Amino acid sequence: MGELAVRTQDLSRTYGSTIAVNALNLAVPTGSVFGLIGPNGAGKSTAIRLLLGLLKPSSGCASVLGFDTMTEADRIRERSGAVLDFCSLYDHLSALENLEFYGRIWRISATDRRARARELLGRLGLWERRGELVHGWSRDLRQRLCIARSIFHRPSILFLDEPTAGLDPLAAAAVQRDLAEAAAAEAMTVVLTTTNLAQAETLCTHVAVMNRGVLLAGGPIGEICSYGARPRLEIVGRGFTDEVVTLLARRPEIAAISRLDNGLALDLIGNVDTAPLVSLLVESSADVEEVKKNRVSLQAAFMTLVQQSRRLEELS
Amino acid sequence: MIGDAWTVMCKDLRALRAFRSQGLSGVISTLLILILFGIIVPWRLGVGWAAHPVSLLLWIGLPWLSATVVVADTFAGERERHTLDALYVTRLSNDAILLGKVGASALFAWLVALLTLALSAVTLSLTGAAAEMPFSSLLILATLSMLSATLAATLGAVVSLRASSARHAQQSAIGVVLSLAFLTFLGGQVAAQYFPAFWRRMMQAGPLGSPSSPALIISIVGLLVLEIVLLGLAARCVARSRLGSS
């Protein structure tokens, strides 16, 4: 594993008798897009606030960009950008004035502020509307401006709390695309929380699954997906002899083989390239009529992890 | 930190100007203050208006009125609109945010008082009474107004920081101001009976006698001490950890 942008060790936060975050151990690689996923009340937003030094942990510790969140929160905030769960803008200021204000906060020179505002508003398709008061703007436009504001000072790490919550699917897709472009263009680490698993699957390189304050699993997205049902290749046809099955069983991509009434089912070790397997069957003179591939999904992994955790809770 | 406070103050003043120019009630209330205390009162009372003890209360009370209305929105209102969250996640220190917000409210309240004072001077000069009004009195009134505006803004910030909503903050701030005015007025009258004769004479002369009058110096020092105490209290109330905790 390379350098870490975020590291937490047994990080916990309680509110009275409620445990919002329970002994969280996270490792976010530098340059990754890291998704904290989980149902509502999982402790994702609290985790973000703890990482930004806005909340003090009840126990444990965390570091962001090498700075301790308890003692060096100012230095973390100097190097980070954040959009918390509400897209908050100054309604009586124009889009450009909103960015200008934050540019001044980050002590960016007037020339650089103008150039940066043009670059970001242009990239997000807001340049033509720069002079408008943001008061009447739709939610997705406001969210885009919030993202522009949060990366205006070129932070090393960006924290986003539910960046597409409350947006319609089209707007969410647009914001998601903007985010992906911004993350790539700015070469920064992104830590985001979301309940939208499809979004996490598209956007994130790494994810951590949380439920009721507890980390259920964390790591590269491909690895996390393997917690769910294995991807399966169903091959409909004839002529699948024992020799053919033996040949297939030697392939490293295959975890298990089972016979079906009209063909074979191959359980794969992950989302691997299946073309060589089909070629092997064809070369072995099997008659292949149809090939169906069921991909592993974050959704399946998430469901498995959350259900397992609930079962364990019930047992204990 | 001063530069950061200045940035916050400029933004707040800008937002305030935009907000008040859009709301008709804000413009009307400011105009009413200007007409009532800048034209009608000095015109009716003549030059005695400036040195009159009741007028003196006005120059101290007017900034309180303006500041408490404005400052209530600074923290509680921004918290309601979630723009405070966006400020708290930046590199700004708590002190810079506090000073910027108090500064904006105080400056606004002081400008309203100064404008009223200038309008009063014009009214007096038009009625021919200005010649009897020493410039030092205007200067003293302007200084007292400034200190009063800053004090009101800081007290308003303390109330606003602890309030759950902007409306709650505004109601609490007005309640605090009225209670303080009532207590000062009544308490002052009761306490004055027990003051030594020298103190009573000094208080009756008022702070406008000369820039070195003991009453003026006591007023300024008293306001400054109160200001520092309240700023310290407000600084303790600014806490990033008061953000939501979902």
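Contact here means heavy atoms within 4.5 Å. The views below come from a predicted model, in which local features need pLDDT of at least 70, side-chain atom pairs count only at pLDDT 80 or more, and totals for chains, interfaces and linings use all residues. Residues are numbered from 1 along each chain as its sequence is written, chains are lettered from A and ligands numbered from 1 in the order in which they are written, and side-chain values use heavy atoms, with hydrogens and water left out.

**View 1. The interface of chain A and chain B.** In this interface, 27 residues of chain A are in contact with 27 residues of chain B. The buried area, that is, the accessible area (1.4 Å probe) that two parts lose on being put together, summed over both, is about 2,500 Å². Carbon and sulfur atoms give 63% of that area.

View 2. Two salt bridges (a side-chain nitrogen of Lys or Arg within 4 Å of a carboxyl oxygen of Asp or Glu) are counted between the chains. One salt bridge joins B:Asp4 to A:Arg107, with the closest N and O atoms 3.3 Å apart.

View 3. A:Asp74 and A:Arg77 form a salt bridge, their closest N and O atoms being 2.9 Å apart. Both residues lie in helix H2, three residues apart, about one turn of the helix. Helices (H or I, at least four residues) and strands (E, at least two) are DSSP runs, numbered from the N terminus.

**View 4. A four-stranded sheet in chain A.** The open sheet has the order E13-E14-E12-E15, with antiparallel pairing; two strands pair if DSSP finds at least two bridges between them. Strands E13 (254-260) and E15 (287-294) are the edge strands, each pairing on one side only. From one strand to the next the twist averages 20°, where axes are lines fitted to C-alpha atoms, for helices over the stretch in contact, and angles run from 0 to 180 degrees between N-to-C directions.

**View 5. Strands E12 and E15 of chain A, with helix H10.** Strand E12 (residues 232-238) pairs with E15 in the antiparallel sense over seven bridges. A:Val236 has A:Glu290 in E15 as its bridge partner. Helix H10 (residues 275-283) lies across E12, E13, E14 and E15, running at about 165° to E15.
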